[in-house]
Structure formats: C-alpha cells, structure tokens
Amino acid sequence: MLSDLSVFASVFFLMLATSAVIYLRYRQPQRERPYRVPWFPLLPILFLVFSIWFISMVTLQSPQDAAIGIALILLALPVYFFFKSSGKSSLGNVAANTDD
C-alpha cells in the first residue's frame, strides 16, 4: 500500500515538473537550458497525457488510496511553509535569489 501511495505522489509531482518545463520553455525562451528535452514538446505532452490517464485510473479504481495520497501531499504543505518562512531551507534561499 505504501508503494501505491508513493507512486501516486511521484506521478503527481512529475506532472508538475513536466508542466513547469513546458511553461518555462515558452514563457522564457531566452534562458540558458542546462539540459535538453528530447522531442520537445511532443514527449512532455505525451507524458502529461499518460500521467493524467494514470492518475484518473488510480482515482477511479481505488479512490481511498488516491484520497490518502492527496491527504499526505496536503499534510506536507505546512512543513514546507514552515521551512520556507523560517529561512532554514537552503533550497528556498537559492530559489529566492534567482528572481530576476
């Protein structure tokens, strides 16, 4: 069961990351790209379509597991905001310094 919940959360966050890549490639085309995305934008869009299908199938087949996965993600938000507001996260400080 724990593996089901972790896969649900992983796919959800990979969807967010893939969406961010697509968004930033079009929104900020002049920025330096430290890595290349093969077959852009076809491959990321196909991944998003598959991920949406996967998340919807998990939700339809086992809604209780999907609800627990969403609850775990939501429970982590207070921890994120605590570390972000306290300035204890080095990653948050790096991200805050890169705003141009």
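I took helices as DSSP runs of H or I with at least four residues, and strands as runs of E with at least two, numbered from the N terminus. With that in hand, I read along the protein chain and found the pattern α-α-α-α. I keep in mind throughout that this is a predicted model.

**Entry: the whole chain**

I then looked up burial: of the 100 residues in the protein chain, 19% count as buried. Next came contacts. Among those in the protein chain with a separation of 6 or more, 66% join residues 24 or more positions apart.

**Entry: helix α1**

I stopped at two residues here. F13 lies in helix α1, which covers residues 2-27, and T18 has its place in helix α1 too.

Is T18 buried or exposed? I found T18 at 15% relative accessibility, so I noted this residue as buried, the cut-off being under 20%. Leaving out residues up to four places away in sequence, I see T18 touching P44, F47 and L48.

F13 came out at 44% relative accessibility, so I put F13 down as partly exposed. I also checked how far F13 is from I73: the two are 60 residues apart in sequence, and their C-alpha atoms are 9.7 Å apart in space.

**Entry: aromatic pairs**

I searched the whole structure for aromatic pairs and found six. For F50 and F54, I noted ring centres 6.4 Å apart and planes at 25°, so I wrote this pair down as stacked, since planes under 30 degrees apart count that way. Where do F50 and F54 sit? Both are in helix α2 (residues 42-61), and because they are four residues apart there, about one helical turn separates them.

I looked up accessibility for these two as well. F50 is partly exposed at 48% relative accessibility, and F54 is partly exposed with a relative accessible area of 23%.

My next pair was F82 and F83. Their ring centres are 5.3 Å apart and their planes stand at 75°, so I logged an edge-to-face pair; the cut-off for that label is over 60 degrees. F82 has 46% relative accessibility and counts as partly exposed. F83, at 38% relative accessibility, also counts as partly exposed.

Which residues form an aromatic cluster with F50? I found W53 and F54 together with F50 in one cluster.

**Entry: R25 and its rings**

I turned to R25 and looked for rings under its charge. R25 lies over the face of Y35, 5.5 Å from the ring centre. The charged end of R25 also sits over the ring of F40, at 5.7 Å from the centre of that ring.

**Entry: the largest pocket**

How much space lies in the largest pocket? I got about 220 Å³. I went through the lining and wrote down A17, A20, V21, L24, R25, Q28, R31, E32, R33, P34 and Y35. Sorted by class, the lining of the largest pocket has six nonpolar residues, one polar and four charged.

Technical notes: Residues are numbered from 1 along each chain as its sequence is written. This is a predicted model: local features need pLDDT of at least 70, side-chain atom pairs count only at pLDDT 80 or more; totals for chains, interfaces and linings use all residues. Side-chain values use heavy atoms; hydrogens and water are left out. Rings of Phe, Tyr and Trp (its six-membered ring) pair if their centres lie within 6.5 Å; planes under 30 degrees apart count as stacked, over 60 as edge-to-face and the rest as tilted. Buried means under 20% relative accessible area, exposed over 50%, partly exposed in between (1.4 Å probe, protein chains only). A charge sits over a ring if NZ of Lys or CZ of Arg is within 6 Å of the ring centre and within 35 degrees of the ring normal. On a 1 Å grid over the protein atoms alone, a cavity is a set of points where a 1.4 Å probe fits but cannot get out, and a pocket is an open set with protein on both sides within 12 Å along at least five of seven lines; lining residues have an atom within 4 Å of a point. Grid points are joined across faces, edges and corners, and a volume is the space filled by probe spheres set on the points. Ala, Val, Leu, Ile, Met, Phe, Trp, Tyr, Cys and Pro count as nonpolar, Asp, Glu, Lys and Arg as charged, and the others, Gly among them, as polar. Contact means heavy atoms within 4.5 Å.
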